[in-house]
Amino acid sequence: MIVYVNGSFVSEEEAKVSVFDHGFLYGDGVFEGIKAYNGRIFALDEHVDRFFESAQSIQLLLPLSRNEMKKAILETVRRNNLKDAYIRPVASRGKGALGLDPRSCPKATVVIIVDAEIRHPEDTGGASLSQKGIKVITTTFRRNGPDVLSPRIKSTNYLNNILAKLQANAVGVQDAIFLNEQGFVCELTGDNLFIVKNSRVLTPPLWFGILDGVTRRVVLRIAKEMRLETTEEPLTLHDLYTSDECFCTATRIEVVSIVWVDGRQIGSGAPGPVTVQITKRFLDLANREGAPIFE
Ligand SMILES: Cc1ncc(COP(=O)(O)O)c(C=O)c1O
């Protein structure tokens with residue numbers, strides 16, 4: 001694989017970041033997860049905008065413009081000669097002194113990694129499981145609030161999420177749902193959450209402390225196109241347990257049905273008709289729309 005590191009394209013073996021980088025020492029950085037389908041990078045503008053917003057929020061000055069970033073992402077995929085890819089841009093505070101003060105880091109590190117494997121079955125416990133639907137629990141770890149470390153920042157500090165994932169692993173389910181400090185449902189460890197109730201598509205609002213997922217936005221748009229009522233409103237575990245359908249969304253896993261939550265079967269115990277339709281429309285769109293890689 002060819003990796004972009006600070007303006008150069010180098011081999012995987014040559015792609016190195018300093019052990020003094022504050023991204024490594026303190027998790028001081030931001031990242032994105034983007035996918036290319038069928039020769040096009042899906043929602044490239046949205047992902048690059050979110051990358052720059054995350055950087056702005058942590059006062060990280062990126063050494064390239066949004067346009068240059070888009071070009072660098074396209075060029076990295078092109079150099080790897082991939083039509084389908086998972087793309088991971090990362091920016092960290094850069095090399096500095098051992099103290100955590102970012103002022104000792106004069107220049108951000110920017111890396112773009114690509115992966116030819118776009119399905120990532122390990123995220124949901126295997127390809128067949130993502131088709132059958134996954135089991136999840138509610139984690140006892142609260143989602144860090146917007147006044148602690150805003151989940152709107154896609155930061156390289158994912159320990160809150162990893163603690164919840166460890167809990168899911170410990171009981172042998174695929175993922176965990178976070179509640180916020182008030183006990184309302186937020187999101188999963190790396191995915192946004194939706195329920196379907198009486199043909200209404202519901203998802204928690206952004207101000208609850210969740211990532212503004214690109215897939216979430218697209219799914220809301222698709223549900224509207226399907227003439228389904230959509231609302232971003234506070235949801236409790238009761239709403240989840242009694243929903244007709246439940247599913248999660250993320251760039252990596254796309255749309256995956258949730259069929260079991262905290263011991264309760266959801267709906268029929270299999271992906272419901274609305275989830276199936278939304279998944280199909282999402283994949284149709286992702287395979288059609290996007291920034292062309294080879295033009
Ligand atoms: C915590 C969290 N929530 C939601 C998402 C889904 O976001 P997107 O659809 O933009 O991939 C992600 C994925 O990056 C995430 O890490």
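Modeller: Happy to! The centres of domain 1 and domain 2, taken over C-alpha atoms, are separated by 26 Å. The domain assignment places domain 1 at residues 2-118 and domain 2 at residues 122-288; such bounds come from an automatic or database domain assignment. Before we go on, keep in mind that this is a predicted model, where local features need pLDDT of at least 70, side-chain atom pairs count only at pLDDT 80 or more, and totals for chains, interfaces and linings use all residues. Residues are numbered from 1 along each chain as its sequence is written.

Now to the meeting place itself. Domain 1 brings 22 residues to the contact and domain 2 brings twelve residues, where two residues are in contact if their C-beta atoms, placed from the backbone, lie within 7 Å. On the side of domain 1 that touches domain 2, the elements giving two or more residues are strand S3 (29-31), strand S4 (34-37), helix H2 (44-57) and strand S6 (85-92). These names follow DSSP runs numbered from the N terminus: helices are H or I with at least four residues, and strands are E with at least two. H2 gives the most to this side, with five residues. By class, this side of domain 1 divides into nine nonpolar, nine polar and four charged residues. Here Ala, Val, Leu, Ile, Met, Phe, Trp, Tyr, Cys and Pro count as nonpolar, Asp, Glu, Lys and Arg as charged, and the others, Gly among them, as polar.

Let us stay with H2 for a moment. H2 has 14 residues and reaches 20 Å from its first C-alpha to its last, close to the 20 Å expected at 1.5 Å a residue; the expected span is 1.5 Å times one less than the number of residues. In H2, the buried residues are Leu44, His47, Val48, Arg50, Phe51, Ser54 and Ala55. They cover an arc of only 160° around the axis, so they sit on the same side of H2; the arc is that of the directions from the helix axis to the C-beta atoms. A residue is buried if 20 or more other C-beta atoms lie within 10 Å of its own, exposed if 12 or fewer, and partly exposed in between, with C-beta atoms placed from the backbone.

Just after H2, Gln59 takes a positive phi of about 55°. Most residues other than glycine have a negative phi. Asn81 also has a positive phi, near 55°, and is found in the loop between helix H3 (66-79) and S6. Asn81 counts as exposed because it has 11 C-beta neighbours inside 10 Å.

Leaving aside neighbours within four places in sequence, Phe294 is in contact with Gly39 and Arg78.

The twelve residues of H6 (residues 159-170) should span 16 Å at 1.5 Å a residue, and its end C-alpha atoms are 16 Å apart, which agrees. In H6, Asn161, Ala164 and Ala168 are buried. Seen down the axis of H6, these buried residues fall within an arc of 65°, so they line one face of the helix. Strand S8 (134-138) and strand S9 (175-179) are among what covers them. On the face of H6 turned away from its buried side are the exposed residues Leu159, Asn169 and Ala170.

Finally, look at Leu235, in the loop between strand S13 (229-232) and helix H8 (237-241). Leu235 counts as buried because it has 23 C-beta neighbours inside 10 Å. Not counting residues up to four places away in sequence, Leu235 touches Phe184, Val185, Ile195, Leu202, Pro204 and Leu240. By contrast with this loop residue, Asn198, in the loop between strand S11 (192-197) and strand S12 (200-203), is exposed, with 7 other C-beta atoms within 10 Å.
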